[in-house]
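Here's a quick tour for anyone opening this one up for the first time. Have a look at the sequence and the model, then read on.

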Amino acid sequence: MPQLPTLPSWQQLKQHWQAMQNTPMRDLFAENSQRFNNFSLEVGDILLDYSKQRITSETRSLLCQLAKESELQAYIERMFGGEKINNTEQRAVLHTALRQPQQTVIRVDNENIMPSIQASLQRMAEIVVQLHSGAWQGYQGQPITDVVNLGIGGSDLGPAMVTEALHPYQQTNIAVHFVSNVDATQLFQVLDKVNPATTLFIITSKTFTTMETMTNANTARQWLQSKLGEQCDLNQHFLAITANPQRALEYGIRKENVLTFSDWVGGRYSLWSVVGLPIAIAIGMQNFQALLQGAYEIDQHFRHAEFEQNLPVLLALLGIWNINFANCKAHAVSPYTQYLARFPAYLQQVDMESNGKQVNRDGEKIDYQTAPIIWGELGSNGQHAFHQALLQGQDVVPVDFIMTKQCHHDLDNHQTILMAACLSQSRALMQGKDLQEVEKELQTQGLSKGEIATLAPHKVIPGNRPSNTLVLKKLTPRNLGALIAIYEHKVFTQGVIWQINSFDQWGVELGKQIAKELVDNNGQAKTELASEFDSSTQGLWQFLIS
């Protein structure tokens with residue numbers, strides 16, 4: 001395939017940006033009273049307003065042409081069809097299969113993978129019923145009251161985010177906790193408030209060798225033995241979720257307590273698999289199925305909708321417009337609902353671990369920007385923190401505002417004020433306030449000409465800063481599944497257009513490799529490091545362990 005910068009649409013977009021870059025969005029709105037209708041899209045219970053982007057209909061057409069010239073539709077079919085598009089690891093990419101209907105047939109290496117997916121869902125359901133009914137009991141015969149998921153990265157971020165987001169759908173008194181940090185503080189804080197006799201640990205690790213997770217698992221096992229006795233049977237207190245079941249068995253977890261998933265499930269896309277067991281424990285299997293259903297509906301939309309009416313594709317193309325042509329290096333995510341507090345952190349991994357690459361699929365160096373820096377915070381909190389930089393800072397940072405039309409609480413005025421706060425920020429970023437408007441405002445306040453001349457430059461807000469607004473009718477399991485899938489497919493689309501492999505993470509692997517060179521197999525510090533270690537690492541290590 002031709003290099004991305006040589007594609008005709010890429011060259012046309014470069015020229016188009018030169019013509020567009022100084023066009024104020026406020027003028028685009030003034031010239032077109034139907035701009036919102038022309039640049040918004042509703043799919044299911046989710047509305048996307050992208051009218052506050054620096055685009056015209058021509059921009060959209062050129063971007064969609066770029067997607068076509070990048071053979072996006074063919075790559076979509078290759079992914080859904082089970083081809084090994086993760087070319088560096090020779091793996092299929094089939095998190096989408098995890099939410100497909102039971103009767104679907106998807107083959108990997110000539111084997112239909114759907115029966116194994118359904119078997120895993122059935123096993124999840126059985127465990128959930130056992131826990132919710134009190135039939136699953138600890139070593140001393142008491143029902144489980146707390147579940148602690150030990151994982152990191154995709155084995156933690158997705159399940160933790162979804163469990164928090166869907167707290168209103170919590171079905172039982174079983175408390176679900178998440179421990180990812182190898183800093184003992186996080187594990188200690190959880191162990192300090194749970195009863196060892198009624199606690200179930202889930203060790204979630206694709207390889208079952210992840211240093212942080214296994215260190216926490218070893219500590220949890222030692223803690224249980226210290227509390228329940230050295231000879232206690234811990235099988236009622238441990239489950240394993242892994243793509244490497246043999247390692248889990250060697251660790252001492254009995255076979256029926258080992259849930260498996262395949263290597264074609266990437267870690268950051270794994271919440272749809274048995275890795276989502278903590279979610280199902282918290283909200284029930286029916287709600288977990290609704291989560292899958294919402295994602296499946298977006299899968300179908302992404303696969304079949306024309307690009308100009310395709311929500312994930314549009315989000316991806318708008319991102320490419322801002323990143324590659326407007327030279328925006330960062331992207332902020334601002335959810336205006338408390339339940340989505342962890343959504344920006346979740347998207348950091350989905351986006352930056354997927355597309356933070358500097359070579360294309362063929363291993364050739366690329367000379368254009370890929371993944372932006374993803375960051376963000378709850379909306380109304382962010383307004384009183386970093387939104388100042390979004391509005392008046394030197395760098396233009398596009399923003400995704402995410403809000404709900406309905407909330408889960410009926411407290412007077414709160415939702416109305418929250419919605420107003422969100423819309424005020426997207427309008428302020430787009431509209432800004434020019435010098436003439438500032439001077440007129442200060443004149444009405446009775447300031448002198450000298451005072452106005454001194455103060456006015458500080459109050460000018462440039463505007464013309466792009467944003468999207470996504471509105472969910474309500475945060476439900478189905479709608480959250482749809483929202484997550486939208487961003488998954490956005491990231492995939494951008495990876496295809498950038499001609500990179502979005503499904504490996506060799507940079508992450510290097511860090512793991514180096515960490516293992518600093519400690520022995522028992523997690524004890526090595527007192528002498530290999531000679532190839534630099535003097536900084538050598539000096540810091542000696543300082544830390546001495």
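This is a predicted model: local features need pLDDT of at least 70, side-chain atom pairs count only at pLDDT 80 or more; totals for chains, interfaces and linings use all residues.

Residues are numbered from 1 along each chain as its sequence is written, and side-chain values use heavy atoms, with hydrogens and water left out.

**Salt bridges**

- A search of the whole structure turns up 22 salt bridges (a side-chain nitrogen of Lys or Arg within 4 Å of a carboxyl oxygen of Asp or Glu).
- K459 pairs up with E441 in one of these, with the closest N and O atoms 3.8 Å apart.
- E441 sits in helix α18 (residues 435-444) and K459 in helix α19 (residues 449-459), so the pair ties together parts that are 18 residues apart in sequence. Helices (H or I, at least four residues) and strands (E, at least two) are DSSP runs, numbered from the N terminus.
- K52 and D49 form another salt bridge, with their closest N and O atoms 3.8 Å apart. K52 is buried, with a relative accessible area of 14%, and D49 is buried too, at 9%.
- There's also a network of salt bridges linking D45, E297, K473 and R478.

**The sheet**

- Five strands make an open sheet with parallel pairing, in the order β6-β5-β7-β8-β9 (two strands pair if DSSP finds at least two bridges between them).
- At the edges are β6 and β9 (258-260), each pairing on one side only.
- Neighbouring strands here are turned by 20° against each other on average, direction ignored.
- Strand β5 (residues 146-150) runs parallel to β6, joined to β6 by 5 bridges, and D146 stands opposite A175 in β6.
- β5 is also joined to strand β7 (residues 199-204) by 5 bridges, again parallel, with N149 opposite I202 in β7.
- How much of strand β6 (residues 175-179) is buried? Strand β6 is mostly covered, with 4 of its 5 residues buried.

**Helices and their neighbours**

- Helix α9 (residues 211-228) lies across β5, β6, β7 and β8 (238-242), at about 160° to β7. Axes are lines fitted to C-alpha atoms, for helices over the stretch in contact, and angles run from 0 to 180 degrees between N-to-C directions.
- Elsewhere, helix α5 (residues 72-80) and helix α12 (residues 285-304) have axes that come within 9 Å and cross at roughly 140°.
- On the α5 side, Q73, I76, E77, M79 and F80 meet D299, F302 and R303 of α12 (contact means heavy atoms within 4.5 Å).

How values were computed
Buried means under 20% relative accessible area, exposed over 50%, partly exposed in between (1.4 Å probe, protein chains only).
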